[in-house]
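Here is a note for a colleague who is opening this structure for the first time. Please read the points below with the sequence and the model side by side.

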Amino acid sequence: SLQDKLDKALHNIKGRGKITEINVAETVKEIRRALVDADVNYKIAKDLTKRVQDKALGQNVLTSLSPGQLMTKIVHDELVELMGGSQEGINLSGKPSVVLIAGLQGSGKTTFSGKLANYLKQKKAKNPLLVACDVYRPAAIEQLKVLGKQIGITVYTEEENKNPSSIAQNAINFAKENKHDVVIVDTAGRLAIDEAMMNEIKTVHQTIKPTETLFVVDSMTGQDAVNTAKSFNDTLNFDGVVLTKLDGDTRGGAALTIRTVVEKPIKFISTGEKMEALDLFYPERMADRILGMGDVVSLVERAQEQFDEEEAKKLHKKIAKNEFGFDDFLKQINQIKKMGNMKDLMGMLPGVGKAIKDVDINDDAFKHIEAIIHSMTPDERRTPSLINTTRKQRIARGAGRKIEDVNALMKQFEQMGKMMKMMQGPQGKQMMQMMSK
Ligand code: GDP
């Protein structure tokens, strides 16, 4: 994954206070390649990585995060911002509101029109009317009728009328008479941009004055999608973009490029042929997809929130002075616990989520450890060497555990102490270096 690559590129600055210039330059190249692989336009990727570079150089490296994780977070935030930050809905203010659907043939207009009608009916308690305006392909009209029947939505057609503007206008009148509050106009597309098509849709647009014009584009078409978006935007000045066929293995970089080039928000994404496969567009999720990662970002955010630099320093001192006790151990456990449910946390790591889907990990193990530590006296916690067999029996009874559980915890604690001490010495430094290679 991108993050592994970044970690590799940055391994030699682990443990240093700041991200250094030379490493960032290498890493930025990696990021640029990853973005271009995900269909982000080269120039946009280049500008973006330049900004990332500037930001990264000012960042301190938190010891709890790898520089790779930190860089990924910076790139991610930059992507989210470029894609508009938040989710944008559609304007349904008219009486009726009129939504015009435009795009090339095969982009998924008719399918999306059905999905949008279904969504508005199910989720927004609307009473939509679908309008078939493709006067060239009777099959397209038939397709919309079939969809309408399937989702229980009225479809307005005029098979003899060859003028799309007049069909659309008549449909709006029909909607007013029949209490439809949203009119969704599915238009004819061509296989490629041509002037006649642009003129036709422009006329429809001027005639019906839609409250919302949505441009539908197939995400599989990569960079071509961007050129198409530009032409349609020049003609219609549309309000938003619908990105279809995101159920394929496309990484979604076209979303970023379209957004940047036409400066219009992506409002919906379509992820399948079923009528339910429609989602609102969330920049955060798309950024994750473009970077090809699990939910690493929220993991990093949580670590940043929970990590307390002062506490970490105190802990290091204690270990050096051999004063690490059970209270500190408990604090460590609580830090981990504050980050959330173990299974959720692990599920956020790329590659791990799927693997542990069916495994039963629970937080009980922590509960047992806590109960045992809570059953110790303050003296015992500070100086674990006091704990003899009689004390162990008492602790076990108090915690409602077996003496073996207390023994196991003592052993774990000892090993942890040994390891921590080793890490502090010259041997440890060597080991850390080896591990980060
Ligand atoms: P139109 O010519 O723009 O109206 O496009 P259609 O709605 O007829 O869609 C063209 C083809 O793409 C059809 O076979 C649809 O079933 C399919 N399609 C549309 N949207 C999606 C999607 O989100 N995912 C997938 N896999 N197929 C889609």
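Why is strand 4 largely enclosed by the rest of the structure? The points below begin with some ground rules and then take up this question.

1. This is a predicted model, in which local features need pLDDT of at least 70 and side-chain atom pairs count only at pLDDT 80 or more, while totals for chains, interfaces and linings use all residues. Residues are numbered from 1 along each chain as its sequence is written.

2. Strand 4 is largely enclosed because five of its five residues are buried, where buried means that 20 or more other C-beta atoms, placed from the backbone, lie within 10 Å of the residue's own. Val-182, Ile-184 and Asp-186 point one way from the strand, whereas Val-183 and Val-185 point the other way, and all are buried. Helices (H or I, at least four residues) and strands (E, at least two) are DSSP runs, numbered from the N terminus.

3. Strand 4 has parallel partners: five bridges join it to strand 2, and it pairs with strand 1 in the parallel sense, also over five bridges; two strands pair if DSSP finds at least two bridges between them. Pro-128 stands opposite Val-182 of strand 4, and the bridge partner of Val-99 in strand 4 is Ile-184.

4. These strands belong to an open sheet of eight strands, with mixed pairing and the order 3-2-4-1-5-6-7-8. Its edge strands, each pairing on one side only, are strand 3 (154-156) and strand 8 (278-280). The twist from one strand to the next averages 25°.

5. Helix 7 (residues 164-177) lies across strand 1 (97-103), strand 2 (128-132), strand 3 and strand 4 (182-186), and runs at about 160° to strand 2. Helix 9 (residues 223-236) lies across strand 1, strand 5 and strand 6, at about 160° to strand 5. Angles run from 0 to 180 degrees between N-to-C directions, with axes as lines fitted to C-alpha atoms, for helices over the stretch in contact, and contact means C-beta atoms, placed from the backbone, within 7 Å.

6. Of the 16 residues around the ligand, Gly-108, Lys-109, Thr-110, Thr-111 and Ser-270 come nearest, a residue being near if its C-beta atom, placed from the backbone, lies within 6 Å. Helix 5 (residues 109-124) gives the most to this shell, with three residues.

Conventions: Contact = placed C-beta atoms within 7 Å. Buried ≥ 20, exposed ≤ 12 C-beta atoms within 10 Å, placed from the backbone.
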